[in-house]
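Colleague: I have just opened this one and have not looked at it before. Can you walk me through it?
Modeller: Go ahead and ask.

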Amino acid sequence: MYVCLCHAITDTQIKAAVSQGDCSLADVKKRLGVADQCGKCARMATNIIQTQLEYE
Ligand code: FES
């Protein structure tokens with residue numbers, strides 16, 4: 001599902017970024033550009049990152 005509409009970034013991409021070592025929104029923002037435009041996706045992206053960190 002799309003999380004960041006500004007950059008067409010999906011939850012799968014965010015989870016993959018966490019699997020590759022990202023552990024914060026700042027990390028994923030640097031890697032994918034998530035939440036660097038309107039910012040509306042920041043909360044959902046953060047939730048996905050936290051859930052994925054607990055899972056790993
Ligand atoms: Fe992610 Fe706008 S929806 S920056």
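Colleague: How far apart do the end C-alpha atoms of residues 2-50 lie?
Modeller: They are 17 Å apart. Keep in mind that this is a predicted model.

Colleague: And how much of that span is helix, and how much strand?
Modeller: Residues 2-50 are 53% helix and 10% strand.

Colleague: What does the UniProt annotation say about residues 2-50?
Modeller: The record, an unreviewed entry, labels them "domain: BFD-like [2Fe-2S]-binding".

Colleague: How many helices and strands does the protein chain have?
Modeller: There are 3 helices and 2 strands.

Colleague: In what order do they run?
Modeller: Starting at the N terminus, the order in the protein chain is β-β-α-α-α.

Colleague: Now size. What box do the C-alpha atoms fill?
Modeller: Along the principal axes, the box for the protein chain is roughly 30 × 20 × 15 Å.

Colleague: Why does a radius of gyration of 10 Å agree with a compact globule?
Modeller: Because a compact globule with 56 residues would have a radius of gyration near 10 Å, and the protein chain has 10 Å.

Colleague: What share of the residues is buried?
Modeller: In the protein chain, 27% of the 56 residues count as buried.

Colleague: And the contacts, how many join residues at least 24 apart?
Modeller: Taking contacts in the protein chain between residues at least 6 apart in sequence, 48% do.

Colleague: Last topic, confidence. What is the mean pLDDT of the protein chain?
Modeller: The mean is 97, and 100% of the residues reach 70 or more.

Colleague: Which ipTM and pTM does the predictor give the complex?
Modeller: The ipTM is 0.98 and the pTM is 0.95.

Terms used:
Residues are numbered from 1 along each chain as its sequence is written. This is a predicted model: local features need pLDDT of at least 70, side-chain atom pairs count only at pLDDT 80 or more; totals for chains, interfaces and linings use all residues. Helices (H or I, at least four residues) and strands (E, at least two) are DSSP runs, numbered from the N terminus. The radius of gyration is taken over C-alpha atoms; the globule rule is 2.2 Å times the number of residues to the power 0.38. A residue is buried if 20 or more other C-beta atoms lie within 10 Å of its own, exposed if 12 or fewer, and partly exposed in between; C-beta atoms are placed from the backbone. Two residues are in contact if their C-beta atoms, placed from the backbone, lie within 7 Å. pLDDT is the predictor's confidence in each residue, from 0 to 100. UniProt positions are given in the numbering used here, feature names are shortened, and annotations may be inferred rather than shown by experiment.
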